[in-house]
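Me: I would like to learn how to read a few features of a structure. Could we take them in turn?

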Amino acid sequence: IKNLPERILNILYKSIAINTTAFEGEPKNGKINFIGSKTETALLQLLLDLDVKNYKQLKGDAKIIQFYPFSSDRKAMGLVVQEDSYYRFYVKGASETLLQKSQAIIDTNSGNETELTDHDRDAIQQIIRYYASRSLRTLAIAYRDLEQWPPDGVSLDPEGEIKFEDLMVNITLLCIVGIEDPLREGVREAVADCRNAGVKVRMVTGDNVLTAKSIAEQCGIYTADGIVMEGPEFRNLTPDRMKKILPKLQVLARSSPEDKKILVGKLKAEFNDIVAVTGDGTNDGPALKTADVGFSMGISGTEAAKEASSIILMDDNFSSIVKAIMWGRCVNDAIKKFLQFQLTVNVTAVLLTFISAVSSDEQRSVLTAVQLLWVNLIMDTFAALALATDPPTPQLLKRKPENRDAPLITPQMWKMIIGQSIFQLAITLILFYAADDIVGRGLDQNTEEGRSTLATIVFNTFVMLQIFNEIKYVVFVFQKWVKQFFKFYLTPTPLIIVVETLMKSQFLIIHFGGSAFQTTPLNFIQWLTCIGLGALSLLVGVVIRLIPIEKLFSYKQPRRAPTPSPGESAVTSWQKQLKFFKALRGGGRFRSHFGPVAKNQQAFAGVAVVPSLMVSAVGVPLSIQNESQEKDNSKVSQRSIPGPIPSPREEIDESDKS
């Protein structure tokens, strides 16, 4: 570059130094650090690599007449500078756009402007494609000299300014720049984790289609059966065509913020997806608001994007999204485990108290009020500590997501709740009415001591059942059986601490809390019996888990009224609404009289849910979408969860290449 004529270098240096919004920040590791978009900081880094020391002076001495900030609509930015006896318009932006507007090119030998021929255009197009195929972000730099300001034949707008489009005429193409933005470490692995978790990753970017495709291939986003499309083509699709393409759309290049908003709206309206979008620019606000969850960039994001988002990623890192999915599933599992335990204990305690009180001649329950308070403490405080404090593990990413409309208490959970309640109630009632045959002779229920010992055995057994029930929900219900069983005893988790605390507390209550808890000390055989009956909860949990009743309670997604699509006319919207209510009121009669049931069910059921997570980043917006498919006989169902990502690229530093 330094061997070029001085006139060309002068224009290039001024174009980069003046036409930028990036600036020099605090040094890092003793080196100059630029703050701004990655594209502009890379260009300023180029000036440093070329040993241009006066880049700040070039910008400080410039007399800027009018500034045109970057716009996603025009894909370019520029400004007008007053030179000695003329004015110069500097512009940089999308290489295809500026090449189309250019009428001249610089001769590298003489430094003079020459006409841009068709042969030159083809050669430059090949250079752009070559850069893009190597995952380089292409950028064109151009200029136009003006004899006066405002130029002849150009009218001012109501604000007294010249329109950007009026200046984009007869510009001279200076150069095409290729910017290397390497992938962040671990991005490809993170995308693979998302795919295993049922999360489908989509890329929505303003870059060249070849660049976007190359980057998507490196990240593992683009696959052989995927579709790559440009924004203008996407937004002009018919609703039916867009609906067919969306499931396979993986890369959307040269897109605008409006394209991203349309994509989010379609995924939610047509597929009932849960969509999360990340963005860093002001123009990303509508998409962030439209999405179910909006992620903004804490480092590179604007204040407008942060205000429109739900969550701010402080490190702008892809891995943070993966961790968010893990934590979300961990919290969801903790809530379900806690609900199962609570309902099981409540059902058993209420029925045991009621039955024992009704059957007693003195109408006295086998569990006293203080004992019930202790059981309530086990259910609430200790259960929350034991069941809701496990950290997320990578195993959570190896299962498919749940449906948006799936019930909080699933059929599998009801199976465990009902089965465990019946088992615990049966054990405690049998103990209460046939303790002599189980514990041994010597329990004279006609004496006060015998009745007190019997009540203590029932209370102690009931508590042991709950303690082992807590262990079961962690060991068997949500994790691998044998592997997690041994891991439970080898890992110092909060559950182990809670279990040890409960066992020691129960021993003290039985032997030293007689006056407060109305208990009687138990012998070794009686303790062994209580613990053994409580441990049966683990075995019963395995047996109940193996009972195949899920098919009897198959979940059907509720029918939803259609949501108007962006830009849809009022007439079309009303037609969809009327068709929906027609299906609700007469769909069964239509199916029975007009055609096969399976075919009509498919027509009335609508599109299955595909969970999604969408993303956008600084120069290359991205999107992630969750997708999972589960087959049950001949019926295909899809389930979803709520869960880019920041740009999968590293920040441009001294290693960036231009």
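**Reading the features**

Reply: We can start with one residue and its accessibility. This is a predicted model. Arg-404 is partly exposed, because its relative accessibility is 27%.

Me: With which residue does Arg-404 form a salt bridge?

Reply: A salt bridge is called when a side-chain nitrogen of Lys or Arg is within 4 Å of a carboxyl oxygen of Asp or Glu. Here Arg-404 forms one with Asp-292, and the closest N and O atoms are 3.4 Å apart. Arg-404 lies in the loop between α15 (369-387) and α16 (411-433), and Asp-292 in the loop between α12 and β14, so the pair ties together parts that are 112 residues apart in sequence. Asp-292 is itself partly exposed, at 30% relative accessibility.

Me: Which residues are linked with Asp-292 in a network of salt bridges?

Reply: The network links Lys-268, Asp-292 and Arg-404. In it, the side chains of Lys-268 and Asp-292 meet at 3.8 Å, N to O. Lys-268 is in helix α11 (residues 257-271) and Asp-292 in the loop between α12 (285-290) and β14, so this pair ties together parts that are 24 residues apart in sequence. Lys-268 counts as partly exposed, with 28% relative accessibility.

Me: How many salt bridges does the structure hold?

Reply: The structure holds 16. One joins the side chains of Asp-145 and Arg-88, at 2.6 Å from N to O. Because Asp-145 lies in strand β8 and Arg-88 in strand β5, that pair ties together parts 57 residues apart in sequence.

Me: Are Asp-145 and Arg-88 buried or partly exposed?

Reply: The cut-off for buried is under 20% relative accessible area. Arg-88, at 5%, is therefore buried, whereas Asp-145, at 33%, counts as partly exposed.

Me: In what order do the seven strands of the open sheet stand?

Reply: The order here is β3-β4-β5-β8-β9-β6-β7, with mixed pairing. Strands β3 (63-71) and β7 (113-115) stand at the edges with a single partner each, so one side of each has no neighbour in the sheet. On average, neighbouring strands are turned by 30° against each other, direction ignored.

Me: How many bridges join β5 to β8?

Reply: Seven bridges join β5 (residues 87-93) to β8 (residues 136-146), and the two strands run antiparallel. Tyr-90 has Tyr-143 in β8 as its bridge partner. Helix α1 (residues 6-18) packs on the sheet, with β5 and β8 among the strands touched, and its direction makes about 110° with that of β8.

Me: Where is Asn-19 found?

Reply: Asn-19 is in the loop between α1 and β1 (23-24). At 0% relative accessibility, Asn-19 counts as buried. Leaving aside residues up to four places away in sequence, its contacts include Glu-40, Met-77 and Tyr-90.

Me: Which residues of β13 are buried on each side?

Reply: In a regular strand, side chains alternate between the two faces of the sheet. Strand β13 (residues 276-279) is covered on both faces: Ala-276 and Thr-278 are buried on one side, Val-277 and Gly-279 on the other. Four bridges pair β13 with β14 (residues 293-297) in the parallel sense, and Val-277 stands opposite Gly-294 in β14.

Me: Which residues make the nonpolar surface patch?

Reply: Trp-327, Val-331, Ile-335 and Leu-408 make a patch of about 390 Å². Val-331 belongs to helix α14 (residues 318-359) and is partly exposed at 43% relative accessibility.

Terms used
Residues numbered from 1 in each chain as written. Predicted model: local features only at pLDDT ≥ 70, side-chain atom pairs only at ≥ 80, totals over all residues. Heavy atoms only, no water. Patch = residues over 30% accessible without salt bridge, like charges linked within 9 Å, V, L, I, M, F, W, Y side chains within 5 Å. Areas by Shrake-Rupley, 256 points an atom, 1.4 Å probe, with all protein chains shown as cover. Buried < 20%, exposed > 50% of the residue type's maximum accessible area, 1.4 Å probe, protein only. Pairing = 2+ DSSP bridges. Axes fitted to C-alpha atoms, helices over the stretch in contact; angles between N-to-C directions. Contact = heavy atoms within 4.5 Å.
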